[in-house]
Amino acid sequence: MKPKVYITRKLPDQIVNGLSGNFEVTMWQDETTPVPREVLEKEIVEVDGLFCLLTEQIDESLMEKATNLKIIANMAVGYNNIDLQSATDKGIMVTNTPGVLTETTADLTFALLLATARRLVEATGYLKSGQWKTWSPMQLTGQDVHGATIGIIGLGRIGKALAKRAKGFDMNLVYYNRSRKLEEEKELGIEFVSLEELLKISDFVCVLVPLTSQTSYMIGAEQLTLMKKTAVLINTARGDIVDERALYQALVNQEIWAAGLDVFEEEPVPLDHPLLTLPNVVTLPHIGSASIATRMKMASLAAENLMAGLTGALPGNLVNPELTSVQKGRGHS
Ligand code: DGY
């Protein structure tokens with residue numbers, strides 16, 4: 001009997017076909033709506049492998065129902081939607097999709113930085129609503145990006161790719177990270193500073209850390225107060241890293257100048273969210289990795305990880321490697 005796999009969202013045929021040769025595949029048939037929790041709870045009972053997205057909460061109670069489950073392949077680099085400890089305790093491998101989305105996400109982060117600094121969304125609205133009557137000296141003026149200081153919080157793959165783009169714009173580069181990155185410092189001419197110092201000196205503060213219990217609300221009222229009044233905050237990581245209420249207050253009280261957000265504490269962000277009322281907040285629907293090529297690569301990589309985990313090979317992107325080192329995983333005997 002072929003191992004059973006459940007896919008939580010309709011994927012392109014070429015990805016599904018690659019899996020259905022080896023596995024008995026069931027898939028949620030909607031491309032734009034997440035699988036309802038009650039459906040997932042039923043489907044997961046018998047499966048050996050789960051292919052999921054960041055829209056699914058894979059928590060302990062769900063995993064408890066899945067007595068055959070050997071691997072959860074998340075189609076995202078972030079895996080805060082999965083209770084990793086519970087998965088590890090139960091011997092379930094968890095994989096993510098790092099690397100393939102690095103450059104695309106850095107592109108979007110820099111695009112959001114430029115759009116926020118130069119008020120592109122506001123300017124388009126200004127034109128389309130017929131407010132553009134003449135050229136005026138201070139009309140829709142923004143912040144310069146070239147020559148400004150960018151502070152990157154989290155110098156991982158995407159942080160580094162962002163730094164390269166910023167260097168091309170003649171920006172001064174500083175970063176804060178759990179550990180120093182001496183190679184990158186040399187290669188990019190980026191300087192390590194404390195988080196406090198970064199917030200004080202940066203014109204653009206870019207959040208690129210993964211969401212963990214340590215980074216949740218890493219940017220709150222206290223941190224926002226340290227920032228320059230002309231500073232711009234960019235978040236393309238996870239919404240919960242920034243305290244949105246504090247951010248709203250900081251923007252309304254003009255403690256900082258603007259924000260560009262691709263991620264929110266609640267997604268989709270409710271349409272009556274106060275941040276959506278502010279003209280100096282550029283908002284996007286979590287599209288950091290959304291290029292056609294990159295999304296295909298992410299789906300392929302997640303499928304490869306799943307395939308490896310169910311055929312006794314070591315998945316390339318295991319985030320709980322302790323399972324294989326002691327041969328404890330359900331997929332290994
Ligand atoms: C991720 O991969 O974690 C992004 O948020 C979606 O690409």
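Colleague: What should I know before I start?

Modeller: The model is predicted, so local features need pLDDT of at least 70, side-chain atom pairs count only at pLDDT 80 or more, and totals for chains, interfaces and linings use all residues. Residues are numbered from 1 along each chain as its sequence is written, and side-chain values use heavy atoms, with hydrogens and water left out.

Colleague: Into which domains is the protein chain divided?

Modeller: Domain bounds come from an automatic or database domain assignment. Here, domain 1 is 4-98 + 292-328, and domain 2 is 102-283. Their centres, taken over C-alpha atoms, are 32 Å apart. Contact means heavy atoms within 4.5 Å. By that rule, 5 residues of domain 1 touch 4 residues of domain 2.

Colleague: Which residues surround the ligand?

Modeller: A residue is near a molecule if one of its heavy atoms lies within 4 Å of it. The ligand has L54, A76, V77, G78, L101, R238, H286, S289 and M298 around it.

Colleague: Which side chains have an N or O atom by a ligand oxygen?

Modeller: A polar contact is a pair of N or O atoms within 3.5 Å. For the R238 side chain, the distance to a ligand oxygen is 2.7 Å. For the S289 side chain, it is 2.5 Å. A polar backbone atom of G78 lies 2.9 Å from a ligand oxygen.

Colleague: Where is empty space left?

Modeller: Rolling a probe the size of a water molecule over the atoms shows that. On a 1 Å grid over the protein atoms alone, a cavity is a set of points where a 1.4 Å probe fits but cannot get out; lining residues have an atom within 4 Å of a point. The lining of the largest cavity includes N235, E244 and F264.

How values were computed
1 Å grid on protein atoms, 1.4 Å probe; cavity = no way out; pocket = protein on both sides within 12 Å on 5 of 7 lines; lining within 4 Å. Polar contact = N/O pair within 3.5 Å; in protein donor to acceptor, adjacent residues only side chain to side chain.
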